[in-house]
Amino acid sequence: MIHRLAISRRGLIAGGTAAAGLALTGCQPRLSGLFTGADTHPGDYPTVKAVEYMGQLLSERTGGRLGIKVFPGAQLGNERDTLEITSFGGIDFNRVNLAPLNSVEPLTIPPSLPFIFRSVPHMRRTLDGDIGDEILASFRRQGMIGLCFYDSGARSFYNTRRPVYTPEDMHGLKLRVPSSDLYLAMVNALGANAVPMPFDEVYSALAQGVIDGAENNWPSFESARHYEVARFMSLTQHLFTPEVLLMSKVSWDKLSQSDQQLIRQAARQSVDYMRRLWDARVKSAKANIIAAGVEVNEVDNAAFAALMEPVWDDFLVTPQQRDIARRIVALGEQMASDATAPSAPQETAS
């Protein structure tokens, strides 16, 4: 059931823990103008660096009056808990993946669907335009302000047992997924057995044979060292689910219109910065993984995508969701057509 974020007992406990942690750091965002930012990724991750860059822009443009202190590495809690804390103003900025928002905000479903994006350029152009703005605006009803989207890369399957070339090769594999109904439905539709599991438990589960594999992007596959035990990676590129940068509406409403505009501008500028860092990180992670001897293979994505129709039908339940999905697909088809269209003949001087 999709509903507005509620402040649960767990959220209150996590909020108290976060508040205590912030107090220990001496960070008082309302009094000092230093906003708090939460991220579950490590300190050197592109999303963390992008929000820090945004904070630098704010500091430069306000003479140090505004800035952002980012707490990476899940210091303030996991994504579900920090979302609750953000909704009532305990955290100012929060970088999260769209997956944990799927049960909260209906418009996060379409860009989270498997095989809806054809490529990274397709995903970026979608989110940089009207569709992205529409999704960002929807967070206001959840007590948050959507500022911008960051990359989360192309996610592919990896496992300890064999290369995967077709959906049939996935049959019988136990594959870790995040705690998400959409991920569960996707993996099960492909014939594998989906096993919900926290990310920090995946390495030991792979090593001990509790699961056969998982799915993720190149940088996460490398940074979590899953490639040390999962020696087969198959480039299904089934998801390009983006990250989103949110701000608490409680914090937002305390700002002047000019400061709100500064924050929007700095957030948008941080996107290009993040993408440059992300592209470099993907390139180096891919090179390191291949050099480590992991067997990497291409697949026929169409065979996998063909099995997703019932998944789409189950999760696109409102006219607005279906309209956004239709527009995303249409944009991908247009971009593919433009890429293959012959260029106009060049005139030559007579």
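This is a predicted model: local features need pLDDT of at least 70, side-chain atom pairs count only at pLDDT 80 or more; totals for chains, interfaces and linings use all residues.

Student: What makes Arg95 and Glu243 a salt bridge?

Tutor: The cut-off is 4 Å between a side-chain nitrogen of Lys or Arg and a carboxyl oxygen of Asp or Glu. The N to O distance for Arg95 and Glu243 is 2.4 Å, and that is within 4 Å, so the name applies. The pair links distant parts of the chain, with Arg95 in strand 3 and Glu243 in strand 10, 148 residues apart. Both residues are buried.

Student: How many salt bridges are there in the whole structure?

Tutor: A search finds 18. Another of them joins Asp151 and Arg124, with closest N and O atoms 2.6 Å apart. Asp151 sits in the loop between strand 4 and strand 5, Arg124 in helix 5, and 27 residues separate them. Both Asp151 and Arg124 are buried.

Student: What do Arg155 and Glu215 tie together?

Tutor: Their side chains meet in a salt bridge at 2.8 Å, N to O. Arg155 is in strand 5 and Glu215 in strand 8, so the bridge ties parts that are 60 residues apart in sequence.

Student: Why is Arg155 called buried?

Tutor: Buried means under 20% relative accessible area. Arg155 has 8%, so the label holds.

Student: And why does Glu215 count as buried?

Tutor: Its relative accessibility is 0%, so Glu215 falls under the cut-off too.

Student: Which residues do salt bridges join into one network?

Tutor: Arg124, Asp128, Asp151, Arg275 and Asp279, through shared partners.

Student: Back to the loop between strand 4 and strand 5. Why is Ser152 called buried?

Tutor: Ser152 is found in that loop. Its relative accessible area is 3%, so Ser152 is buried. Leaving aside neighbours within four places in sequence, Ser152 is in contact with Asn97, Asn217, Thr241, Pro242, Glu243 and Trp278. Glu243 is the partner of Arg95 in a salt bridge.

Student: How far is Ser152 from Asn216 in sequence and in space?

Tutor: They are 64 residues apart in sequence and 9.2 Å apart in space, C-alpha to C-alpha.

Student: Now the nonpolar cores. Which residues have the most contacts inside the largest one?

Tutor: That core has 46 residues, and the list includes Leu101, Phe139, Met186, Val187 and Leu246. Elements that give two or more residues include helix 5, strand 4, helix 7, strand 10 and helix 14. Helix 7 gives the most, with four residues. A second, separate core has 27 residues, including Val51, Ile68, Met247 and Ala266.

Student: What does Val187 touch?

Tutor: Not counting residues up to four places away in sequence, Val187 touches Phe157, Leu175, Val177, Ala192, Asn193 and Ala194.

Student: How do helix 3 and helix 11 pack?

Tutor: Their angle is about 145°, and their axes lie 8 Å apart. Helix 3 passes helix 11 in a right-handed crossing. Among the residues that meet are Ala50, Tyr53 and Leu57 in helix 3, and Ala266, Tyr273 and Trp278 in helix 11. By class, the contact has 14 nonpolar, four polar and three charged residues.

Student: Where is Gln237, and what is its phi?

Tutor: Gln237 is in strand 9. Its phi is near 45°, a positive value in a residue other than glycine. With a relative accessible area of 33%, Gln237 is therefore partly exposed.

Conventions
Residues are numbered from 1 along each chain as its sequence is written. Side-chain values use heavy atoms; hydrogens and water are left out. Buried means under 20% relative accessible area, exposed over 50%, partly exposed in between (1.4 Å probe, protein chains only). A nonpolar core is a set of buried Ala, Val, Leu, Ile, Met, Phe, Trp, Tyr and Cys residues joined through side-chain atoms within 4.5 Å. Contact means heavy atoms within 4.5 Å. Axes are lines fitted to C-alpha atoms, for helices over the stretch in contact, and angles run from 0 to 180 degrees between N-to-C directions. A crossing is left-handed if the near helix is turned anticlockwise from the far one by less than a right angle, and right-handed if clockwise. Ala, Val, Leu, Ile, Met, Phe, Trp, Tyr, Cys and Pro count as nonpolar, Asp, Glu, Lys and Arg as charged, and the others, Gly among them, as polar.
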